[in-house]
Amino acid sequence: MAKLLSTPRLLSIHFRTVTSTLSKPSSHISLHLFPLYTTPLLTLRSIDNPSNIHRNFSVSAFDTKNDDVSSSSAEINGDDSAKSSAKEDQYPSGEFEFEEYGAWKSLVVKFRMLFAFPWERVRKGSVLTMKLRGQISDQLQSRFSSGLSLPQICENLMKAAYDPRISGVYLHIEPLGCGWGKVEEIRRHILDFRKSGKFIVGYAPACGEKEYYIGCACQELYAPPSAYFALYGLTIQASFLGGVFEKVGIEPQVQRIGKYKSAGDQLMRKSISDENREMLTALLDNIYGNWLEKVALTKGKKKEDIEHFVNDGVYQVERLKEESWITDIKYDDEVMSMLKERLGIQKDKKLSEVDYRKYSKVRRWTLGLTGFKDQIAVIRASGSISRTRGPFSSPSSGIIAEKLIEKIRSVRESKRYKAVVLRIDSPGGDALASDLMWREIRLLAESKPVIASMADVAASGGYYMAMAAQAIVAENLTLTGSIGVVTGKFNLGNLYERIGFNKETISRGRYAELTAAEQRPFRPEEAELFAKSAQHAYTQFRDKAALSRSMKVDKMEEVAQGRVWTGNDALSRGLVDAIGGLSRAVAIAKQKANIPQDRQVSVVELSRPSASLPEVLSGIGSSLAGSDRTLKELLNDVSSSDGIQARMDGVMFEKLGGAAYTNPLFMLIKDCLSSF
């Protein structure tokens, strides 16, 4: 089978397979140009090791409200939309309800606190402080990791709501590098925390649309006089390499299956196609419309007023205060002084704080948030999909199919768990690996309920995994679908001629040189075989999607063709079953397992992070571990690229998705250029 030049991040977001080979004296290497889709690339933290210690969470730690979903700007069939809404209404919402502890449970919690480990001790009247900035992983992080973890952020907010030692929360909100799915989850947990009656205050020295989306959910939001607010709207950028390849003598030979499959466009075209423009415009309208609607609802304003304010190009912090976008203009020390006054602390006394890392060590057991009889397992799958671990990969280098399959099989054989939630945050990857995991998830679903929960992105191979579950829950702005294929190779003949390089090939077999001879274009019979191979790969994916979703093939074809959908649009088209976060997935799992909704369960995280050497070094000095990250990612992608790719092609979401799933090759080029 052809080696594919994987370009999942430059231009589209789909099931892709494009190939290029660069020769070495005795071997060839498949070079992947990964699409520049910038929502943080999330690392997989040893979700695969059966010997990992399990982490237990009460369902209350994830019960979160399912906010109203804004209507899609895309055209929706009325009957299908009505059917989807009716089906979604059959599922429990998983809405969080804060319940005050009774006298007995409060006594038990206080007794447990007396025997807490020293590193779990928190002074009464403390304020939980968390800095939300940069990349946010969907995985639990090791103690040596310097990054933020979405499950630990959400867990900390839930623990703080019930912890009698915590008086409130103070959030520092700075530029984020995550997608809108994670932003929605954090925002939902902030609103849930407010139900406890404790204060939650935000501070935003640098603020864009994502940061404000979180900040406006706080009871109060402050900014310094010199704050940088960039609420100017959202953009999507698509990059094209056709002109570059033409100049250097490279001819991409691409077979495109699906009219929205834009990976071929990025390699061959010099400008955007009508189909790609249509898809990207629909995605942008969904995200921007959701932002306007949610902000308007939070601020008690009309959607039109919010849009008018954005279009005014406001940058003055004073005007933000005047029009109630922020609570007041204060420096960080002034906010701290205000909190001291609010808590009745004398000016010469220090405010008692507990930060994100220390509070993450506080066990749910101490607060009475775990230990329930019924258990639901959570299996997390984040990052690009590979079949086996490559020579340059680390435990956090993505989804390794053979390891994840071991985990799935162990859960299937266990009688401990009543149901499973498969948490996915992946743009896809190896098509074979995706299919093998699909099979194992289907087998698991025959023995116990399996619910898929999507984070920022679950597209191509990521959707392939999700569609094996009995129900799929996506965030309103999750990027999903991307059922399509692009295959191809590079003809480097002109380039070789220009640089004086020659390569001779001796072969046996009619198609032996199909992918080996990059110094010439396809022969007619080779082009025909390559096209049939691409069509076969697409047909398999589409038909299994139709089978998994109980749809007719022709109906699935209408929503496939390489098109990416937001979770909201995917719901109306039958690709997902409900809108919400992990809490709703847990609630549906309880329903499928015949567990009463009012009965608390323990949500068991089956992945405990293991500290790799780079993570240890990162914890000691992030510059050393970070300097070689780009090269390691590139080498890992190159070394594990055999076969067709089921990968989301790359849209460059400059402001929509942060900096995730960024093309390591382009990052490497950027680093090289910046050194001159």
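Student: First one: is Arg 412 buried, exposed or partly exposed?
Tutor: Keep in mind that this is a predicted model. Arg 412 is partly exposed, at 26% relative accessible area.

Student: Which residue does Arg 412 form a salt bridge with?
Tutor: With Glu 440. The closest N and O atoms are 3.3 Å apart. Arg 412 sits in helix α13 (residues 401-413) and Glu 440 in helix α14 (residues 431-447), so the bridge ties together parts 28 residues apart in sequence.

Student: And Glu 440, buried or exposed?
Tutor: Buried. Its relative accessible area is 7%, and the cut-off for buried is under 20%.

Student: How many salt bridges are there in the whole structure?
Tutor: The search finds 39. One of them joins the side chains of Asp 374 and Arg 599, with N to O at 3.0 Å.

Student: Where do Asp 374 and Arg 599 lie?
Tutor: Both are in loops. Asp 374 is in the one between α12 (356-360) and β15 (375-382), and Arg 599 is in the one between α20 (582-592) and β26 (602-605). The pair therefore links parts that are 225 residues apart in sequence.

Student: What about accessibility for Asp 374 and Arg 599?
Tutor: Asp 374 is at 5%, so it counts as buried. Arg 599 is at 41%, so it counts as partly exposed.

Student: Which residue pairs with Glu 513 in a salt bridge, and are the two buried or exposed?
Tutor: Arg 520 pairs with Glu 513, with the closest N and O atoms 3.0 Å apart. Both residues are buried.

Student: Which residues are linked in a network of salt bridges?
Tutor: Asp 138, Glu 185, Arg 188, Arg 380, Arg 423, Glu 475 and Glu 605.

Student: Changing topic. How many residues are in the largest nonpolar core?
Tutor: It has 66. Residues with the most contacts inside it include Leu 171, Phe 229, Trp 291 and Tyr 359. The largest share, eight residues, comes from α3.

Student: Which residues is Phe 229 in contact with, leaving aside sequence neighbours?
Tutor: Beyond four places in sequence, Phe 229 contacts Ala 204, Cys 207, Tyr 212, Ala 223, Val 314, Tyr 315, Leu 320 and Ile 326.

Student: How many residues does the second core have?
Tutor: That separate core has 54. Val 576, Ile 579, Val 604 and Leu 606 are among them.

Student: Back to α3. Where is Asn 156, and is it buried or exposed?
Tutor: Asn 156 is in helix α3, residues 150-162. Its relative accessibility is 0%, so it counts as buried.

Student: Which backbone oxygen does the side chain of Asn 156 reach?
Tutor: The one of Tyr 356, at 3.3 Å. Leaving out residues up to four places away in sequence, Asn 156 touches Leu 128, Met 130, Tyr 356, Tyr 359 and Ser 360.

Student: Last topic. Where does UniProt place the "active site" feature?
Tutor: At Lys 261 and Ser 460, in an unreviewed entry.

Student: Which loops hold Lys 261 and Ser 460?
Tutor: Lys 261 is in the loop between β12 (251-257) and α7 (263-268). Ser 460 is in the loop between β20 (450-459) and α15 (461-466).

Student: Are Lys 261 and Ser 460 buried or exposed?
Tutor: Lys 261 is buried, with a relative accessible area of 0%. Ser 460 is buried too, also with a value of 0%.

Key:
Residues are numbered from 1 along each chain as its sequence is written. This is a predicted model: local features need pLDDT of at least 70, side-chain atom pairs count only at pLDDT 80 or more; totals for chains, interfaces and linings use all residues. Side-chain values use heavy atoms; hydrogens and water are left out. A salt bridge is a side-chain nitrogen of Lys or Arg within 4 Å of a carboxyl oxygen of Asp or Glu. Helices (H or I, at least four residues) and strands (E, at least two) are DSSP runs, numbered from the N terminus. Buried means under 20% relative accessible area, exposed over 50%, partly exposed in between (1.4 Å probe, protein chains only). A polar contact is a pair of N or O atoms within 3.5 Å; within protein, one must be able to donate a hydrogen and the other to accept it, and residues adjacent in sequence count only if both atoms are side-chain atoms. Contact means heavy atoms within 4.5 Å. A nonpolar core is a set of buried Ala, Val, Leu, Ile, Met, Phe, Trp, Tyr and Cys residues joined through side-chain atoms within 4.5 Å. UniProt positions are given in the numbering used here, feature names are shortened, and annotations may be inferred rather than shown by experiment.
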